[in-house]
Amino acid sequence: MGARVTQTRLHACHVLAIGPDGRRFWRFEVKGTGIQPDRAERLAPDQPLPRHWGTKDWRTLGRPRLHIAWLHPDRVFLRVVHLPAAPPEETRAMVELQLERLSPLPVAQTVWSYHPVPGAREGQQTLVVAIVARETVESFLGQLESAGYLPDRLELSSLDQLAAVPVSGDGAWIHAGILGRPDLALVAWWYGGVLHNLSFLQLPAGGDRAGIVRSQLLQAAWAGELDGWLTRPPEWHLVADPVTAAEWEPVLNQALQTTVSVQPPPPPDDLARRTALRALQANGLPSLLPPEHAARYRQQFVDRLWMTGLGAVLGLYLVGVIIYFAALGVLQFQLSRVEARIDALTPEYTRASQLKARAEVLQDRQDLRFAALDCYKLVAELLPEGATLQSFDFADGRRLTLNGTCPEDRVMAVIEFSSALRKAQVRGRPMFDPQKGEPFTQRRTPNANVVSWNFTLELSRPED
C-alpha cells in the first residue's frame, strides 16, 4: 500500500480469476498514492458475470478503470534472467534478443512479458520472463469474452506470490499449488538475496514418490552448481495451504532427509491487491494480452460509445415525437370540444346578436326622440325676443339646422343665441359639439329692416 501509483488518472481497477470452482472478482479504487479494496465477490461457475463489471461504457470516460484477468498458470513458462541495469526501452530490447534461447516454443507462436524482481547484484537487474503459447492465450481470451469480461492486461498471480512470500537466507522455496494444480509446485531458488532460478516440481500419484521428488530437486541443484550460484546446501521451505501441505510435507521430508519449514501462502485478496498495484505501476511493461486483441477491445469500446450515443439521440427523438403527438392529440381534443361548444352556442349567439341590434336600434330611436325634444326645448328657451324661427330641421339623428328672421337691430341677439346654443348642456353633458356644424350666416331680405339667418349644429353623441 505504500508503493506509489503512477497512473493517477485511473479511478478503479478490476481483477478477475477464473477457476474450476467458479470465478472470483475484486474491485479496487485508486486513492492518491495507493489503492483501497472496494468489493470482493465469489461467483458460481454457472453464475453470469454482471455486465458492468467486465465491459466499459460512457461512464468510464470520466472515471476510467483498468481490467485485469489472471491467466491460468499451468501452461506458462517462467524463466529468470539477469541483465545489466538499463532503462525500460533497452531492457525490452535485451529480453527480445534472448527470447530464442529462453522460449521452448517458436517466438512467433508465443506471447511474452517480463517483470522485475526485487534483489539483484550492483549494476544488474533480475527479471522473470513469462512465455505463453499464443493459442493458449487466445483460448483463455475466448473464455473471458464468453463470460462478458474484456481485459486490458493479462497477469500471473504466481509472480505476486513470489514477491509476497518473505525470503530470508539461502534456499529453495517450494510453492505448491501455485500453478493451479495441487500436484505441481514452482521452486524458487534464492541465494544472496537474489532469485537465480525457477523450476517445476511434480508430485507423483504413486510409486517411489520421495525418490522421484528427490531426483527432480537434485537436477535443479546440479544446474545451480554448474552455473555457480549454488554455493552451499539450500534450506528448504514449503509454501502451501494446510490441505496441500499435508500431502507435500511428508514426501519432502522423506526425500530431503530433513524437516521442511512450512509457510502459509498469501490469501487471494492480498494477491489480487498486489496484482492491481503491479499493473498500475507497469510503466509500459509488455502484457500477455496480444496487441491485436487490445486494439480490438478499444475499437469495440469506441463503437459501443457511438451506438450508445446514437441510441440515446434516437430515444430522445422518439420521446420528443411521442410527446409532440400526445400534446397534439390533447390540443385536437380540446379544439374539438371548443368547436362543438361553438356549434352549440352559435344559434343562441345569433339570436342574442339580433336582439342586441334591435335593442340598439330602439335605444337610438328613443335617444334621438329625446334629443329632438331637448333641442326643441333649448331653442324655445334661448330664442331671443323679436327673432322668428321659420324652420327646425333635425336630420340624420345628428344635425340640427335652424332658419329664421329677425329685425336688423336683433341680429346680435340671434348671434348670441347661436353661441349659447352651442354651449348648452343637458343633464350635465354638452348637447352639441362646439367644433362641428356650420357657422352662423345672415342675409338681407327684400323686406326692409328684416334679416334672414341660419346655422347648423351637431349633437354630441356619447359613442363619438
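Predicted model: local features only at pLDDT ≥ 70, side-chain atom pairs only at ≥ 80, totals over all residues.
The model contains 19 salt bridges. Arginine 296 pairs with glutamate 145, with the closest N and O atoms 2.8 Å apart. Because arginine 296 belongs to helix H8 and glutamate 145 to helix H3 (residues 134-146), this pair ties together parts that are 151 residues apart in sequence. Arginine 296 is partly exposed at 32% relative accessibility, and glutamate 145 is partly exposed at 29%.

A salt bridge also joins arginine 232 to aspartate 170, where the closest N and O atoms are 3.6 Å apart. The two residues are 62 residues apart and link distant parts of the chain: arginine 232 is in the loop between helix H5 (209-227) and strand E12 (235-239), and aspartate 170 is in the loop between helix H4 (157-164) and strand E9 (171-176). Arginine 232 is partly exposed, with 40% relative accessibility, whereas aspartate 170 is buried at 16%.

Between arginine 153 and glutamate 155, the closest N and O atoms of the salt bridge are 2.7 Å apart. Arginine 153 is buried at 11% relative accessibility, as is glutamate 155 at 2%. A network of salt bridges links Arg153, Glu155, Asp160 and Arg278.

Helices H8 (residues 291-382) and H9 (residues 411-423) have axes that come within 10 Å and cross at roughly 145°. Leu378, Val379 and Leu382 of H8 make the contact with Phe417, Ala420 and Leu421 of H9. This contact comprises 6 nonpolar, no polar and no charged residues.

Threonine 456, in strand E19 (residues 450-458), is buried at 3% relative accessibility. Its contacts beyond four places in sequence include Arg399, Arg422 and Glu438.

Notes:
Residues numbered from 1 in each chain as written. Heavy atoms only, no water. Helix = DSSP H or I, 4+ residues; strand = E, 2+ residues; numbered from the N terminus. Buried < 20%, exposed > 50% of the residue type's maximum accessible area, 1.4 Å probe, protein only. Contact = heavy atoms within 4.5 Å. Axes fitted to C-alpha atoms, helices over the stretch in contact; angles between N-to-C directions. Nonpolar A, V, L, I, M, F, W, Y, C, P; charged D, E, K, R; others polar. Salt bridge = Lys/Arg side-chain N within 4 Å of Asp/Glu carboxyl O.
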